[in-house]
Amino acid sequence: MGERSKRAWAGYKKYKFVMRIIAAFVGITVGIAGCIAFSTVYHNYDAASWAGVSAIFATVFLYLHFAVRRDLERVISRDKFNVILWIGFGGMCSGIIGFITSIALGVRNHETGEFF
């Protein structure tokens with residue numbers, strides 16, 4: 001691999017890292033804003049709690065990326081990564097279950113999606 005392609009690859013990796021950090025900050029911001037909006041404006045506490053949970057998972061995502069970036073000596077243990085992996089898996093499963101439950105309740109209650 002030439003020197004030029006090595007520099008291009010390093011730049012691409014840095015770009016991916018920056019984009020993931022931006023995505024994490026956007027996720028935290030949108031989660032907090034959704035939590036506030038759904039609870040105060042719409043009084044939909046179920047949606048507000050899911051927005052708050054999504055903000056928490058975005059914070060875990062941000063922490064994981066900063067921890068990996070700063071771990072030059074490889075001091076983060078495998079057990080710590082397994083804990084974060086299971087947190088993410090649990091969040092994914094609870095999100096899917098919550099999505100299916102919300103759709104089932106909407107169908108059962110004959111919700112039309114109209115606010116007015």
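This is a predicted model: local features need pLDDT of at least 70, side-chain atom pairs count only at pLDDT 80 or more; totals for chains, interfaces and linings use all residues.
User: What about the relative accessible area of Cys 93?
Analyst: Cys 93 comes out at 29%, so it also counts as partly exposed, the range between 20% and 50%.

User: Switching to the core. Which residues make up the largest nonpolar one?
Analyst: Six residues: Phe 17, Ile 21, Ala 24, Ile 28, Ala 58 and Leu 62.

User: Which helices supply at least two residues of this core each?
Analyst: Helix H1, residues 3-40, and H2. H1 gives the largest share, with four residues.

User: What does Ala 58 touch?
Analyst: Leaving aside residues up to four places away in sequence, Ala 58 contacts Ala 24, Gly 27 and Ile 28. Ala 24 and Ile 28 are also members of the largest nonpolar core.

User: Now H3. What span should it have, and how far apart are its end C-alpha atoms?
Analyst: H3 covers residues 78-108, which is 31 residues. At 1.5 Å a residue the helix should span 45 Å, and its end C-alpha atoms are 45 Å apart, so the two values agree.

User: Which residue just after H3 takes a positive phi?
Analyst: His 110, with a phi of about 55°.

Conventions: Residues are numbered from 1 along each chain as its sequence is written. Side-chain values use heavy atoms; hydrogens and water are left out. The expected span of a helix is 1.5 Å times one less than its number of residues. Buried means under 20% relative accessible area, exposed over 50%, partly exposed in between (1.4 Å probe, protein chains only). A nonpolar core is a set of buried Ala, Val, Leu, Ile, Met, Phe, Trp, Tyr and Cys residues joined through side-chain atoms within 4.5 Å. Contact means heavy atoms within 4.5 Å.
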